[in-house]
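These are notes for a colleague who is opening this structure for the first time. Please read the points in order with the model on screen.

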Amino acid sequence: MGQKVHPGGMRVGVIHDWKSNWYTGNKEFAAAILEDVKIREHIYGKLAHAGLSDILIRKDKQRITIDIYTARPGIVIGKSGSEVDALRKEIHGMTHKNVHININEIKRPELDAKLVAQSIAEQLQNRVSFRRAMKRSLASAIRSGAHGVKVQCGGRLGGTEMSRSESYSEGRVPLHTIRADIDYGFVEAKTTYGRIGVKVWINKGEIMPEGYESVATQKETRLGDQDTARRRGGRKEGLSASRESGRRGGAADREGLGPVQKRRPRRGAQPRKAAPKQDSVEPRADEQPDVKPEVEETTAPVAEVAVEETTTPVAEAPETTSNDLADKSGKAEATAETTAKPKKKAAPVAVAPETTSDDPAEKSDEADATGEIADKPKKKGK
């Protein structure tokens, strides 16, 4: 069966450090370990609601330094440090040594495995569905930047008679990769129908030694692309290799069939030559300079026609804006000549300004002139 190994203990000395730092002889070793166990149990029991993640202990002969990592530092400190002072006095009574406590805040509790397991256990105690609690914590960890998350719950899930375990995972959680920074947390949920164990693995990336680039900075490629790149230029594997070798004549010796013989060409058939392909390519390079002058000739007359069309309306525009009657009559005569219209239409235009005069003598002269013009056609008719 599978032998389970703690992810944190497996990486101690490589990317992680010990959680208790002290040195004693063989006679005092057991007492020192028991002292650490009692200190941790006392702190977890008193500050269970404060969101504690980890406790580090450093011991000397006369001094103990404790580092507490928590998501709620305000609860641990208390009003004006009252909670910390009480905790310091209690630990001093247990060990009879000077105690110094440091409190560190966890800014992103979604990426801490112990805190995620605690939140799932609290939801299970509050009768929340275990699937909903697991999926919610999984999504929040991936959203906050985790490379991979795995959550497992075991026990009487949903209050059933027979216990079972279910797990959800997303991303990549390489347990055998030593350089992978995998955080592990385990908490028990004390429900009315029994205890349910909650395990959480969170992959926070890879910690590379000095002088090496991290995997995040390298080019991201799929695993399939990496495998093909490794086998590029080498012998292919699987069924496709046998098909291609038989098709192309790559395998000289086949099992029980002997060497592969090449087919002879037919008598009337002639192989295609590569010479006509070169002939078709060379004139294309020579034809390129001949195309350029044709484009220039076509563009030149288009520009000249555009200039002539724009000049004609510009010349007519200022003439229509004049207000003098004399100018209007002159313009009408000029336009009549250019457009080759009949003279009958030009005559009333010239008579229009003369009707505006008020002298009776001029009116009589105009009446005589019109009478003479009207009498002439009658004589011609007779």
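1. Isoleucine 57 stands opposite isoleucine 66 in E3. Strands E2 and E3 pair in the antiparallel sense over seven bridges, where two strands count as paired if DSSP finds at least two bridges between them. The two strands form a hairpin, with three residues between E2 and E3. Helices (H or I, at least four residues) and strands (E, at least two) are DSSP runs, numbered from the N terminus.

2. A word on the source: this is a predicted model, in which local features need pLDDT of at least 70 and side-chain atom pairs count only at pLDDT 80 or more, while totals for chains, interfaces and linings use all residues. Residues are numbered from 1 along each chain as its sequence is written, and side-chain values use heavy atoms, with hydrogens and water left out.

3. Strand E3 covers residues 63–70 and is mostly covered, six of its eight residues being buried. Buried here means under 20% relative accessible area, exposed means over 50%, and partly exposed lies in between (1.4 Å probe, protein chains only). E3 is also joined to strand E4 (residues 98–105) by eight bridges, and E3 and E4 run parallel. One of the bridge pairs is arginine 63 with asparagine 98 in E4.

4. Which residues share salt bridges with lysine 59 in one network? A salt bridge is a side-chain nitrogen of Lys or Arg within 4 Å of a carboxyl oxygen of Asp or Glu, and by this rule the count comes to 13. Lysine 59 meets glutamate 35 at 2.9 Å, N to O. Glutamate 35 lies in helix H2 (residues 29–46) and lysine 59 in strand E2 (residues 52–59), so this pair ties together parts that are 24 residues apart in sequence. Lysine 59 also bridges to aspartate 36, with the closest N and O atoms 3.0 Å apart. Aspartate 36 is in helix H2 and lysine 59 in strand E2, so this second pair ties together parts 23 residues apart in sequence. Lysine 59 is buried at a relative accessible area of 9%, and aspartate 36 is buried at 4%. Glutamate 35 is buried as well. Through shared partners, Glu35, Asp36 and Lys59 are joined into one network.

5. Another salt bridge links glutamate 206 with arginine 179, at 2.9 Å from N to O. Glutamate 206 is in strand E8 (residues 194–206), while arginine 179 is in the loop between strand E6 (164–171) and strand E7 (180–191); the pair links distant parts of the chain, 27 residues apart. Arginine 179 is partly exposed, at 39% relative accessibility.

6. Four strands make an open sheet in the order E6-E5-E8-E7, with antiparallel pairing. E6 and E7 stand at the edges with a single partner strand each, so one side of each has no neighbour in the sheet. Neighbouring strands of this sheet are turned by 10° against each other on average, direction ignored. Axes are lines fitted to C-alpha atoms, for helices over the stretch in contact, and angles run from 0 to 180 degrees between N-to-C directions. E7 and E8 pair over eleven bridges, and glycine 185 stands opposite valine 200 in E8.

7. Two helices lie across these strands. Helix H5 (residues 113–125) lies across strand E5 (148–155), E7 and E8, at about 20° to E7. Helix H6 (residues 130–143) lies across E5 and E6, at about 20° to E6. Ten of the 13 residues of H5 are buried, among them Leu115, Val116, Ile120 and Leu124. What covers the buried residues of H5 includes H2, E2, H6, E5, E7 and E8.

8. How many residues does the largest nonpolar core have? A nonpolar core is a set of buried Ala, Val, Leu, Ile, Met, Phe, Trp, Tyr and Cys residues joined through side-chain atoms within 4.5 Å. The largest one has 23 residues, and Ile120 and Val200 have the most contacts inside it. H5, H6, E5, E7 and E8 each supply at least two residues of this core, and H5 gives the most, with six. Isoleucine 120 touches residues including Met134, Val151, Val198 and Val200, a contact being heavy atoms within 4.5 Å. A second, separate core of 16 residues includes Ile57, Val84, Ile91 and Ile101.

Notes
Lists of a residue's contacts leave out its neighbours within four places in sequence.
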